[in-house]
Amino acid sequence: MKLYMKQKVFSFRDRFTIKDEYGEDRYFVEGEILSFGKKLRIYDMHGRELAFVRERLATFMPKFTVEVNDREVAEIVKKFTLFTPKYCVNGLGWDVEGDFFSHDYVITDMGRIIVSIHKQWMAWGDTFELDIADGNDEVIALAVVLAIDAVMDRNNN
């Protein structure tokens, strides 16, 4: 399943839709305005909340959690490195590898690809293609990618 995430360039509040490979709206993402730390909620197109991505504050390195049904399922931590960013996904056993500066990376589980992420460079705003291997991993994979994107966005600003 391919998903396409296009974020608005000039947006006071994070708010955007995720489209599927047929151009149909599949998910809606909305950030909380005036909150401490980044908070994103992923909804289906019927308005049901599917996942909540929350930045943990007062940590040495950026750290995000993913909650599904009010239960924490993953923790995304940026590791301390000098040159290239590295991320760890605790709770799922997923590995994250690739070129984060060009937004071209993969998330794997013991060698099995969960999702590959590629930035489309000739688009207005940040547009990403997510190729998710298993539909069962779709929402959590999307949440992990959103957390990594939030860290990268913060580092670029």
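Student: Which residues lie nearest the centre of the second largest pocket, and how many line it?
Tutor: This is a predicted model. In it, 15 residues line the second largest pocket, and Lys86, Tyr87, Val96, Glu97 and Phe100 lie nearest its centre.

Student: Which elements give two or more residues to that lining?
Tutor: Strand 8 (86-90) and strand 9 (94-99) do. Strand 9 gives the most, with six residues.

Student: How much space is in there, and how does the lining divide by class?
Tutor: The second largest pocket holds about 200 Å³ of space. Its lining divides into eight nonpolar, two polar and five charged residues.

Student: OK, back up. What helices and strands are there in the chain?
Tutor: The chain has one helix and 12 strands. Along the sequence the pattern is β-β-β-β-β-β-β-β-β-β-β-β-α.

Student: How much of the chain counts as buried?
Tutor: Of the 157 residues, 43% count as buried. As for contacts with a separation of 6 or more, 30% of them are between residues 24 or more positions apart.

Student: On to the largest nonpolar core. Which members touch the most other members?
Tutor: That core has 41 residues, and Met5, Ile76, Ile107, Val115, Leu130 and Ile148 touch the most other members. Helix 1 (residues 138-156) gives the most to this core, with 12 residues. In soluble globular proteins, nonpolar side chains tend to be buried together.

Student: Take isoleucine 107. What does it touch, leaving out residues up to four places away in sequence?
Tutor: Isoleucine 107 touches Trp94, Asp95, Val96, Arg112, Ile113, Ile114, Val115, Ile117, Val144 and Val145. One of these, valine 115, is the bridge partner of isoleucine 107 in strand 11.

Student: How do strand 10 and strand 11 pair?
Tutor: Strand 10 (residues 104-109) and strand 11 (residues 112-120) pair in the antiparallel sense over six bridges. They form a hairpin with two residues between them, and methionine 110 in the turn has a positive phi of about 50°.

Student: And strand 11 with strand 12? What stands opposite isoleucine 117?
Tutor: Strand 11 and strand 12 (residues 126-132) also pair in the antiparallel sense, over six bridges. Leucine 130 in strand 12 stands opposite isoleucine 117.

Student: Different topic. How many cavities of 30 Å³ or more does a search of the whole structure find?
Tutor: The search finds one. About 50 Å³ of space lies in the largest cavity.

Student: What lines the largest cavity?
Tutor: The lining is Met5, His103, Tyr105, Ile117, Phe128, Val145, Ile148, Asp149 and Met152. By class, that lining has seven nonpolar, one polar and one charged residues. Helix 1 provides the largest share, four residues. Met5 and Ile148 in this lining are also among the core members that touch the most others.

Student: Now the hairpin of strand 6 and strand 7. How many residues are between the strands?
Tutor: There are two residues between them. Strand 6 (residues 63-68) and strand 7 (residues 71-79) pair in the antiparallel sense over six bridges, and threonine 65 stands opposite glutamate 75 in strand 7.

Student: What is the phi of asparagine 69, and of aspartate 70?
Tutor: Asparagine 69 has a positive phi of about 55° although it is not a glycine. Aspartate 70, not a glycine either, has a positive phi of about 60°. Most residues other than glycine have a negative phi.

Student: Are asparagine 69 and aspartate 70 buried or exposed?
Tutor: Asparagine 69 is exposed, with a relative accessible area of 71%. Aspartate 70 is exposed as well, at 74%. Asparagine 69 lies in the loop between strand 6 and strand 7, and aspartate 70 is in that loop too.

Student: How many bridges join strand 7 to strand 8?
Tutor: Five bridges join them, and the two strands run antiparallel. Isoleucine 76 stands opposite valine 89 in strand 8.

Student: Last one, valine 53. Where is it, and why does it count as buried?
Tutor: Valine 53 is in strand 5 (residues 49-56). Valine 53 counts as buried because its relative accessibility is 1%, where the cut-off is under 20%.

Student: What is valine 53 in contact with, beyond its neighbours within four places in sequence?
Tutor: Valine 53 is in contact with Lys38, Lys39, Leu40, Phe64, Thr65, Val66, Ala143 and Ala147. As for isoleucine 42, it and valine 53 are 11 residues apart in sequence and 8.1 Å apart in space, C-alpha to C-alpha.

Terms used: Residues are numbered from 1 along each chain as its sequence is written. This is a predicted model: local features need pLDDT of at least 70, side-chain atom pairs count only at pLDDT 80 or more; totals for chains, interfaces and linings use all residues. Side-chain values use heavy atoms; hydrogens and water are left out. A nonpolar core is a set of buried Ala, Val, Leu, Ile, Met, Phe, Trp, Tyr and Cys residues joined through side-chain atoms within 4.5 Å. Buried means under 20% relative accessible area, exposed over 50%, partly exposed in between (1.4 Å probe, protein chains only). Contact means heavy atoms within 4.5 Å. On a 1 Å grid over the protein atoms alone, a cavity is a set of points where a 1.4 Å probe fits but cannot get out, and a pocket is an open set with protein on both sides within 12 Å along at least five of seven lines; lining residues have an atom within 4 Å of a point. Grid points are joined across faces, edges and corners, and a volume is the space filled by probe spheres set on the points. Ala, Val, Leu, Ile, Met, Phe, Trp, Tyr, Cys and Pro count as nonpolar, Asp, Glu, Lys and Arg as charged, and the others, Gly among them, as polar. Two strands pair if DSSP finds at least two bridges between them.
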